[in-house]
Amino acid sequence: AGKPMICCVVERALAARNVDRAIVATDDERILAAVKSAGYEAVMTSTEHLSGTDRIAEIAASIADADIIVNVQGDEPLISPLTIERAINAMGEEGKWGKGEEGKGEGVREEIGIVTTWEPIESAVDVLNPDVVKIVVDDRERAIYFSRSPVPYPREAVRRHGSIEAAISAEPALLRSFRKHTGLYVYRRDVLLQFAQWPQSVLERLESLEQLRALENGINIKAIEASALSIGVDTIEDLERVRQLVSSFKFQVSSSV
């Protein structure tokens with residue numbers, strides 16, 4: 001749409017009504033220059049970071065007056081500002097003491113350190129695509145696992161039909177078992193800074209998914225449904241899909257959205 005993709009992402013973040021400030025954290029001078037020339041804030045960070053979460057933790061360490069830090073990944077030009085707002089609000093709600101579970105008295109809760117979002121998966125192609133990260137969520141909206149593989153695996157349906165593709169084709173309702181993880185995290189600042197002190201975990205290295213480091217270290221992650229679908233741009237094909245959507249006006253990328 002005539003502008004760097006990262007600037008589209010900044011606009012979407014700033015359009016969220018409960019976001020006070022948007023900073024692009026980068027280790028690339030070209031990104032820094034593109035963002036600053038567009039009038040937005042950008043900061044150079046270390047080239048040694050192992051994940052985006054580690055990178056934003058470097059910036060968060062210098063922002064002592066922020067209790068909540070939001071990570072909108074730079075490949076999400078179509079993310080809805082309302083999705084960002086709802087994720088931040090969910091973190092705020094988790095910070096309140098509520099009624100405890102039955103038999104455990106008042107004020108008992110499992111503290112949430114991170115809130116993230118998910119979207120429905122609409123095709124077998126996305127179920128099998130390793131660039132589409134799948135998330136498994138329990139009935140309390142707690143994330144159980146993230147994977148590039150098809151999870152949860154519909155074993156009996158695959159046995160009946162021979163493959164996941166055939167199973168989904170024969171039983172379309174199976175698609176409701178799968179959720180796509182959106183590139184958005186809301187952190188309590190103290191949890192984010194703690195996260196950056198931990199070494200990469202085994203599962204994180206295997207799947208190349210930084211959120212698994214949090215799960216492996218006992219951080220509770222709440223996962224809520226996104227308010228609208230988005231497309232993370234991981235491949236040239238993703239980029240072309242986004243360009244087509246924007247050019248056909250099916251999505252807008254301005255801050256007025």
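The model is predicted. Helix α3 (residues 52-60) is largely enclosed by the rest of the structure, because seven of its nine residues are buried. A search of the whole structure finds 16 salt bridges. The count of disulfides is zero.

- The buried residues of α3 are T53, D54, R55, I56, A57, I59 and A60.

- S51 sits in the loop between β2 and α3.
- S51 has a relative accessible area of 9%, so it is buried.
- A side-chain oxygen of S51 comes within 3.4 Å of the backbone nitrogen of T53, at the start of α3.
- The side chain of S51 also makes a polar contact with the side chain of D54, at 2.7 Å. D54 is itself one of the buried residues of α3.
- Beyond its neighbours within four places in sequence, S51 is in contact with F195, E204, E210 and R213.

**Salt bridges**

- Side chains of opposite charge can pair when their charged atoms come close.
- E11 forms a salt bridge with K3; the closest N and O atoms are 3.0 Å apart. E11 counts as buried because its relative accessibility is 9%. K3, at 33%, counts as partly exposed.
- R30 forms a salt bridge with D28, with the closest N and O atoms 2.7 Å apart. R30 is exposed, with a relative accessible area of 65%. D28 is buried, with a relative accessible area of 19%. The cut-off for buried is under 20%, so D28 falls within it.
- E156 forms a salt bridge with R159; here the closest N and O atoms are 3.9 Å apart. The cut-off for a salt bridge is within 4 Å, so this pair meets it.
- E156 and R159 are three residues apart in helix α6 (residues 155-161), so about one helical turn separates them. E156 counts as partly exposed, at 42% relative accessibility. R159 counts as exposed, at 56%.
- Salt bridges with shared partners join D54, E204 and R213 into one network.

**Aromatic rings**

- How many aromatic pairs does the structure hold? There are two.
- A charged side chain also meets a ring: R179 lies over the face of W118, at 4.4 Å from the ring centre.

- C7 is in no disulfide. The cysteine sulfur nearest to that of C7 belongs to C8, 7.2 Å away.
- C8 is likewise in no disulfide, its nearest cysteine sulfur being that of C7. A disulfide needs sulfur atoms within 2.5 Å, so the 7.2 Å between C7 and C8 rules this pair out.
- Are C7 and C8 buried or exposed? C7 is buried, with a relative accessible area of 2%. C8 is buried as well, with a relative accessible area of 6%.

**Backbone features in loops**

- A cis peptide bond joins V151 and P152, with omega at about -5°. P152 lies in the loop between β6 (143-147) and α6.
- E141 is not a glycine, yet has a positive phi of about 65°. E141 is found in the loop between β5 (134-137) and β6. At 33% relative accessibility, E141 counts as partly exposed.
- S208 is not a glycine either, and has a positive phi of about 55°. S208 lies in the loop between α9 (202-207) and α10. At 52% relative accessibility, S208 counts as exposed. The cut-off for exposed is over 50%, so S208 passes it.

Terms used:
Residues are numbered from 1 along each chain as its sequence is written. This is a predicted model: local features need pLDDT of at least 70, side-chain atom pairs count only at pLDDT 80 or more; totals for chains, interfaces and linings use all residues. Side-chain values use heavy atoms; hydrogens and water are left out. Buried means under 20% relative accessible area, exposed over 50%, partly exposed in between (1.4 Å probe, protein chains only). Helices (H or I, at least four residues) and strands (E, at least two) are DSSP runs, numbered from the N terminus. A polar contact is a pair of N or O atoms within 3.5 Å; within protein, one must be able to donate a hydrogen and the other to accept it, and residues adjacent in sequence count only if both atoms are side-chain atoms. Rings of Phe, Tyr and Trp (its six-membered ring) pair if their centres lie within 6.5 Å; planes under 30 degrees apart count as stacked, over 60 as edge-to-face and the rest as tilted. A charge sits over a ring if NZ of Lys or CZ of Arg is within 6 Å of the ring centre and within 35 degrees of the ring normal. A salt bridge is a side-chain nitrogen of Lys or Arg within 4 Å of a carboxyl oxygen of Asp or Glu. Contact means heavy atoms within 4.5 Å.
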